[in-house]
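Reader: Could you walk me through this one before I set anything up? I would like the conventions spelled out as we go.

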Amino acid sequence: MKISVLGLGKLGAPLAAVFASKGFTVVGVDVNPAAVAAINAGQAPVDEPGLQALIDESRSRLSATEDAPAAVSSTEATFIIVPTPSDASGRFSNEYALRAMATVGQGLQRKDGYHLVVMTSTVMAGSMDGELRATLERHSGRTVGPTLGLCYNPEFIALGSVVRDMLRPDMILIGESDAQAGAMLENIYHQSCDNKPAIRRMNFVNAELTKISVNTFVTTKISYANMLADICDRLPGADVDVVTHAVGADSRVGVKYLKGATGYGGPCFPRDNVAFAALARSLGANSELAEATDRVNRYQIERVLGAVQARLEGKGTVGILGLSYKPHTAVIEESQGVALAERLLNEGHPVIGFDPKALGAADAKLRGRMKSAASAEECVRAADVVVVMTPWPEFTTIAPDSFARTGSRLPVIDCWRVLPAEPVRAVADLLYVGQGGLTVAAGIL
Ligand SMILES: NC(=O)c1ccc[n+]([C@@H]2O[C@H](COP(=O)([O-])OP(=O)(O)OC[C@H]3O[C@@H](n4cnc5c(N)ncnc54)[C@H](O)[C@@H]3O)[C@@H](O)[C@H]2O)c1
């Protein structure tokens with residue numbers, strides 16, 4: 001089968017490569033000529049573990065073009081994975097999705113026979129059966145039905161493990177215009193997945209709600225764990241990891257994402273949560289739980305900032321280890337490390353930062369105000385207080401003697417408890433967040 005994929009970004013490029021690696025002939029499309037050129041040169045257009053290897057093994061089946069109608073008319077199924085940015089009210093904008101849908105419609109005018117259109121971008125409830133379907137029908141001159149299938153099929157991947165997550169998903173969520181469309185999409189996944197994921201097929205609105213509900217449930221869980229960490233910091237003898245490990249052993253709860261540390265960030269969790277609350281409010285439903293989750297998340301940066309300030313004397317330098325929103329990615333959207341750096345810089349504190357992948361992006365976002373360290377050790381050596389904001393595996397092997405100071409002890413705040421306790425405690429004042437003793441500046445909490 002031939003598949004076209006519109007949007008060769010963080011999700012679209014891996015999806016195109018996964019399909020090509022499983023035997024489909026794939027034509028990628030992007031309005032960005034650099035992404036198209038990269039695919040045609042056999043290069044990954046985005047940095048994602050495993051992506052380059054997939055492209056290497058699938059080159060004969062993977063090409064790209066800027067001509068969306070041509071790509072659509074030469075294929076049997078089209079996946080759309082373009083941005084759906086949040087608008088001022090917190091809802092997702094369909095601006096790019098509508099433009100993409102229009103070009104798909106133009107392509108369909110040039111071909112006969114059945115075609116399946118799959119919206120993979122995250123959209124608000126009501127979009128699929130509303131303006132997205134209407135735009136497709138208007139531009140294609142066809143009605144969704146016997147010759148045109150339409151599905152909503154959002155992804156549940158995490159950046160840094162997109163390829164793995166696409167090959168071995170927990171669940172495939174399909175909102176379908178009709179059984180024929182849903183069955184065709186299900187068959188594509190039978191061929192492309194390495195595992196046998198749960199397949200959930202339903203109408204559009206249920207799928208639209210399910211997508212943001214999954215992420216909102218996870219953000220609620222993270223904020224819950226962070227609330228526990230906050231309590232443990234104030235309760236002598238308490239250890240958040242001991243508590244969450246035991247709480248998560250109950251099968252009704254589960255341990256995944258039950259880790260008290262920093263707030264959640266990235267391009268999906270914060271905005272999906274806010275969109276969920278906006279949807280509830282717009283319907284007159286109670287949105288308090290989603291709003292509280294967001295408030296608890298915003299409070300996390302105050303917690304860490306307070307702990308840093310309590311340990312800073314004068315305008316000492318703060319060393320921040322970890323600026324990406326999670327390990328194994330260069331993405332800094334809604335990153336807690338960058339947010340902390342920004343707050344400290346705004347208050348006049350010098351900041352030095354290190355991240356294995358996100359240093360360039362963080363430097364640009366902070367407009368060169370943060371000093372970039374060449375290594376984690378250099379960051380630690382230059383700092384008067386050190387904070388671990390992202391649990392990069394590299395940080396577990398920082399040379400312990402970098403934490404040593406002559407005539408004093410370096411305060412080290414480890415939000416993720418990744419630094420080796422004994423060797424670091426031998427030379428520095430290491431504080432594991434969530435294990436009691438997080439002193440904060442007066443008035444912060
Ligand atoms: N990044 C994530 O972690 C993640 C996770 C789950 C869902 N999503 C959703 O997936 C969607 C895409 O996210 P992303 O992170 O891949 O975005 P991205 O910005 O990395 O990539 C989008 C790509 O689409 C291209 N594009 C824009 N308009 C186009 C058009 N009309 N035709 C062809 N290409 C076009 C852009 O040039 C860009 O390369 C969004 O709706 C997002 O919410 C993202």
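Author: Let me begin with a convention: contact means heavy atoms within 4.5 Å. This is a predicted model, in which local features need pLDDT of at least 70 and side-chain atom pairs count only at pLDDT 80 or more, while totals for chains, interfaces and linings use all residues. Residues are numbered from 1 along each chain as its sequence is written, and side-chain values use heavy atoms, with hydrogens and water left out.

Reader: OK, which residues does Met166 touch, not counting those up to four places away in sequence?

Author: Met166 touches Leu11, Pro14, Leu15, Val18, Glu155, Ile157 and Cys193. As for Pro14, 152 residues away along the chain, its C-alpha atom and that of Met166 are separated by 8.2 Å.

Reader: And is Met166 buried or exposed?

Author: Met166 counts as buried, because its relative accessibility is 5%, and buried means under 20% relative accessible area, exposed over 50% and partly exposed in between, with a 1.4 Å probe and protein chains only. Met166 lies in helix α7, residues 162–167; helices (H or I, at least four residues) and strands (E, at least two) are DSSP runs, numbered from the N terminus.

Reader: What about Thr216, where does it sit and what is it in contact with, leaving aside neighbours within four places?

Author: Thr216 is placed in helix α9, which covers residues 204–234, and its contacts beyond those neighbours are Asp272, Asn273, Phe276 and Ala290. Thr216 also counts as buried, with a relative accessibility of 6%.

Reader: Switching topic: what is the strand order in the open sheet?

Author: The open sheet has six strands in the order β11-β10-β9-β12-β13-β14, with parallel pairing; two strands pair if DSSP finds at least two bridges between them. Its edge strands are β11 (371–372) and β14 (429–432), each of which pairs on one side only.

Reader: How many bridges join β10 and β11, and which residue is opposite Ser372?

Author: Strand β10, residues 351–354, pairs with β11 in the parallel sense over two bridges, and Gly353 is the residue that stands opposite Ser372 in β11.

Reader: Zooming out, how many helices and strands does the chain have, and why call it compact?

Author: The protein chain has 16 helices and 14 strands. Its radius of gyration is 24 Å, close to the 22 Å that the globule rule gives for 445 residues, so the chain is as compact as a globular protein of that length. The radius is taken over C-alpha atoms, and the rule is 2.2 Å times the number of residues to the power 0.38.

Reader: What share of the residues is buried?

Author: Buried residues make up 54% of the 445 residues in the protein chain.
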